[in-house]
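Please find below a short note on the model, arranged as numbered points.

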Amino acid sequence: MNVAVRENPTAAQERLKLTEIFLSLQGEANTVGWPTVFVRLTGCPLRCQYCDTEYAFYGGQWWDIDAILAEVAKHGVRHVCVTGGEPLSQKRCLILLKKLCDAGYEVSLETSGAIDIAEVDPRVSRVVDLKTPGSKEMARNRLENLPLLTARDQVKFVLCGRADYEWARDMLTEHRLPERCDVLFSPSKSELDPRDLADWIVQDRLPVRFQMQLHKLLWNDEPGR
């Protein structure tokens with residue numbers, strides 16, 4: 001007689017599909033330059049035209065969340081960034097974020113802004129990437145997230161040209177973003193000259209932080225760096 005083997009429901013609740021875990025320097029946001037463990041989850045519902053992590057859309061391996069924490073601990077640094085893909089597309093990401101905070105890490109979450117951030121542990125720095133018209137995914141922005149932002153959080157705009165810049169500039173005013181959190185403006189690599197973006201920010205005296213992606217300058221788009 002064949003007997004079906006059922007997976008332990010509790011065990012299933014403690015797993016996530018991962019693309020990679022690696023140690024590098026944080027390349028952007030307000031912790032740029034810090035040695036950081038990156039936990040890259042698999043899967044993303046968006047398809048931004050400039051995406052540099054398409055390899056994280058599919059595949060991956062299932063990991064127990066406690067095994068993820070053990071792997072993070074091996075690297076011996078205090079900053080951890082949970083990224084993707086879109087990490088919040090896996091609901092159990094919330095469990096991982098809480099456990100990382102409980103373990104005493106400085107935790108950041110890189111999210112597209114298309115998924116509700118309300119349940120993210122308040123100790124996490126949420127880096128919300130607002131999608132511009134040039135990304136081809138602007139319609140996916142969940143604007144209900146913006147009133148939830150606090151001084152611990154950050155909003156990032158990846159800009160593809162002057163039209164994106166003007167759209168982002170209007171968003172600053174409409175949603176009073178600089179009053180809520182740090183605002184980051186970055187040029188999309190090969191689409192917008194960084195010097196142009198820097199000049200526009202200075203000319204308009206915008207209360208934003210200009211940044212270039214450090215990891216791209218150092219290692220281009222090499223996975224695991």
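1. A nonpolar core is here a set of buried Ala, Val, Leu, Ile, Met, Phe, Trp, Tyr and Cys residues joined through side-chain atoms within 4.5 Å; buried means under 20% relative accessible area, exposed over 50%, and partly exposed in between (1.4 Å probe, protein chains only). The model is predicted, so local features need pLDDT of at least 70 and side-chain atom pairs count only at pLDDT 80 or more, while totals for chains, interfaces and linings use all residues. Residues are numbered from 1 along each chain as its sequence is written, and side-chain values use heavy atoms, with hydrogens and water left out.

2. The largest nonpolar core holds 47 residues, of which Val39, Val82, Leu96, Leu100, Phe157 and Phe185 touch the most other members. Another core, of seven residues, lies apart from it and includes Leu46, Cys48, Val158 and Cys160.

3. Leu100 is in contact (heavy atoms within 4.5 Å) with Leu69, Val72, Val80, Val82, Tyr105 and Val107, residues up to four places away in sequence not being counted.

4. With a disulfide taken as a pair of cysteine sulfur atoms within 2.5 Å, the count is zero. For Cys101, the closest cysteine sulfur is that of Cys93, 11 Å away and therefore too far for a bond. Cys181 is likewise in no disulfide, the nearest cysteine sulfur, in Cys81, being 16 Å away. Cys101 is buried at 9% relative accessibility, and Cys181 is buried at 7%.

5. Ser24 is buried, with a relative accessible area of 8%. Its C-alpha lies 5.6 Å from that of Thr36, 12 residues apart in sequence.
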